[in-house]
Amino acid sequence: MPQRRVLIVDDALFMRNTLRDIFSAAGFAVAGEADDGVQAVNLFRELKPDLVTMDIVMPYKSGIDATREIVQLDPGAVVIMCSALGQESLVMEAIEAGATDFIVKPFRGEDVLAVVKKVLGE
Amino acid sequence: MAEASHKYLHAFIAEATEQLEQLASDLVRIEQEAPGGPLWDSIFRRVHSVKGSASTIGLTAIVEISHAAETLIGKLKAHNAKPERIHVDLLLQATDALVQEVQHASGSERAPGSGDTHRELTGKLTEASRALPEIASPPRPGPTAKPVADPSLPRLDVAFSLARSCQAPGARTLIVQRKLKALGTLLEMDPQPGALMQKKGGVRVTALLATARGADEVRAAFDGIPEIENVDVRLAPPANGPAREAEPPPPPRAVRAVPESAAPEIRAEATVRVRAQALDQLLDQASDILHGIARLREAARQLPENAAAPFEAEIDRLRRTARELHGGVMTARLTPFSSLTEHLPRAIRDLAHRLGKEVELEVQGGEVELDRTVIEALSDPLTHLVRNAVDHGLETSAHRVSLGKSPRGLLVLAARRERDKVLVEVSDDGAGFDAGRLRKRAIDLGALPAHRVAELNEQQSYELAFLPGLSTRAEATDLSGRGVGLDAVKSAIEAMGGKIVLRSAQGKGSRFTLELPLSVSMANLLLVQVGGELYGLPMTRVVATTEYDLSARGGEGFEARSLAVMGQLVRAYSLAKLFGLPSLAPPGPRPFAVLEVDGLTFALSVDRLVGQEEAVLKPLFPPIDRIKGLAGTTVLGNGRPLLVLDPRGLHELAEAAQRVRGAA
């Protein structure tokens, strides 16, 4: 199987680094990282990753709006929301906007990979 | 007065007042919205409802005015065009007269309008209706039908369980719902995703799907969804009794053209009015029950082992129920942000017209809910900011045009939920604040010494506007005064545990961002021990916990170090040092709580991680509310009080301590 390429979107460097480690260790290629929604949409258009992890609350453009635009660009896009506990209504809004699935922070690496593998059908 | 003694007069007053408030705001909206929306229906319904009740009680003046208004509304509605300002003015006038009459009926001091004024008003309303040509109203479409599927399609009974570990059952179920809708027509789902929000996992959900796909194919669709267990898909028995299979008669063609996946029927939930005070009492009592149960559980530890187990099991059951009760009360207290903004369109319209301005108000996130205490405390500051924007921020239409802006000023009120906070933004595209003038006034008033002011950058200068007595306006207006009272706004927001920030760009506009707590509520706490004392850290800010041996890197005397957490270097501070407490931990590996605030991650060393506890957070009382790093208090199961820490404050403390050391 070709290496899967992931785009990591989060305004916190800490979270981006954590996610990068998790994905790199599991054999994914981190195609790019974005720290706001605008950049996320631009990078998605440019990189066409197999998977996007998307923070919800970010400057300039929220993860929900970014997801909506990404799904418009590519209805088959796989976007996984990274939400904090207690943000369920925002997660549901994101799902309505077209997000594929979600993970809840704080998470462990295996939680993230379990969700990713499930939605990618691996 | 005969009518005033009516048994349900109270109920009428409350309802009519609410209807009329809504009516005024609907009327303002209808001027701005595209014609053809459902707003005329709502306007008509409100007037009609007031008229109906008033006639039952015998309040003739109300009946006459509302009847005349209703007739005009009916005509305007049939025309389906944008109403003219004169019509809206007239209807707003009628609304005001109705409010006056309702207040009079409630026994308030307010005098009723005179018969002459009423006759004049109803005369004008009737005249305006007559001037409009008759239009036959189009047939009303029937009520939105429930999802309808081809009766010849097989029905599948679908059932699945949400994993116990599932942290967002509502969102998880929504994903399943979307998947099922993609496979056919989803006729039923129980419980609905919305009902599972903020609930625990482990719930069994059932659904009925009309589809041409086989049971195996539907079952396979669940493979790609995490946290789903025990999926069961089988062919539903045909003719399942009238309740389930009763197909509504085929809808008229026009309706059938609507895709079947259209939004499900939205029905207003039945509501009752509850005295606000009763909700406060309920919350206090529910909290007391929780505390009592926690104390019972603590006491049960003293029992002999054979007696303790069944006793504890019962207490746990009781605690679950009590927690649900507490959650239920909290939910009942939630009030939408829109309750603060409903009256604004009217107030802004009037204010703007008086000032020769055109203002378009945009409200976003009206559905975001806050505890009613927060809503109440927010009302005055928000009104102040809005008036300020219309009065001082936005320019007159003529001035805007000369600046190349659109003649209508834009005022946006936006609320959104962010973790355990709600952010409210008040922004306008007006003149913005004048940083230079703020700086000058700060010096003139002696609020800050000149050399300090000189050090401020532009954004910091805007913060000067929050100092008492500062204003960029020389002359006062009767609307928002001279000093604009931004200092009062700031202290009101801070008093409820919030923050306010001003961003501005001269000539382009300004934006106030208010960060507010959702409520005084249950908090999930990480209990940590330092210097023999227990403290609580809000779990919402805890990203991880870890252990690290700093003695290997220079002994116990560390002040602030960096720590590798999940492959990332983060600043580490000692909680004991921050509070000047002795650390009682033996040398060797130390536990750390890793916290995240505003996207910044840092670690705090503690003596011991004790565990987690859900607790009712109580606000701090003076004078300890002034101590940085504290967020609130709570009472533990064993009756001991606990201080809850504020990670943001702790981080600021740590940074300040660093700077002091750096300077020394």
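**Group meeting: a walk through the two-chain model**

Let's start in the middle: the largest nonpolar core has 92 residues, and the members touching the most others are A:Val52, A:Ile80, A:Met81, B:Ala593 and B:Ala603. By nonpolar core I mean a set of buried Ala, Val, Leu, Ile, Met, Phe, Trp, Tyr and Cys residues joined through C-beta atoms within 7 Å. Buried means 20 or more other C-beta atoms within 10 Å of the residue's own, exposed means 12 or fewer, and partly exposed is in between, with C-beta atoms placed from the backbone. Domain 2 (155–235) and domain 5 (522–663) of chain B both contribute residues, so this core lies between them; those domain bounds come from an automatic or database domain assignment.

A quick word on conventions. This is a predicted model, where local features need pLDDT of at least 70 and side-chain atom pairs count only at pLDDT 80 or more, while totals for chains, interfaces and linings use all residues. Residues are numbered from 1 along each chain as its sequence is written, and chains are lettered from A, with ligands numbered from 1, in the order in which they are written.

Which residues does A:Met81 contact, leaving aside its neighbours within four places in sequence? They are A:Met54, A:Ile56, A:Gly63, A:Val91, A:Ala94, A:Ala99 and A:Phe102. Contact here means C-beta atoms, placed from the backbone, within 7 Å. There is also a second, separate core of 38 residues, including B:Ile348 and B:Leu486.

Now chain A as a whole. Its 5 helices and 5 strands run β-α-β-α-β-α-β-α-β-α from the N terminus on. Helices (H or I, at least four residues) and strands (E, at least two) are DSSP runs, numbered from the N terminus. Of the 122 residues in chain A, 52% are buried. Among its contacts with a separation of 6 or more, 60% join residues 24 or more positions apart.

How do the chains meet? The contact takes 26 residues from chain A and 28 residues from chain B. On the chain A side, H4(A) gives the largest share, 6 residues. By class, that side has 15 nonpolar, 6 polar and 5 charged residues. For the classes, Ala, Val, Leu, Ile, Met, Phe, Trp, Tyr, Cys and Pro are nonpolar, Asp, Glu, Lys and Arg are charged, and the others, Gly among them, are polar.

In helix H17 (residues 435–444) of chain B, B:Ala435, B:Leu438 and B:Ala442 are buried. Seen down the axis, they fall within an arc of 60°, so they line one face of the helix; the arc is that of the directions from the helix axis to the C-beta atoms. On the other side, B:Gly436 and B:Asp444 are exposed. The cover over the buried residues of H17(B) includes helix H18 (450–455) and helix H19 (458–462) of chain B.

Finally, some backbone details to check in your viewer. A:Lys48 has a positive phi of about 45° although it is not a glycine, and A:Lys48 sits in the loop between helix H2 (37–47) and strand E3 (51–55) of chain A. The peptide bond from B:Asp190 to B:Pro191 is cis, with omega near -5°.

Notes. Contact = placed C-beta atoms within 7 Å.
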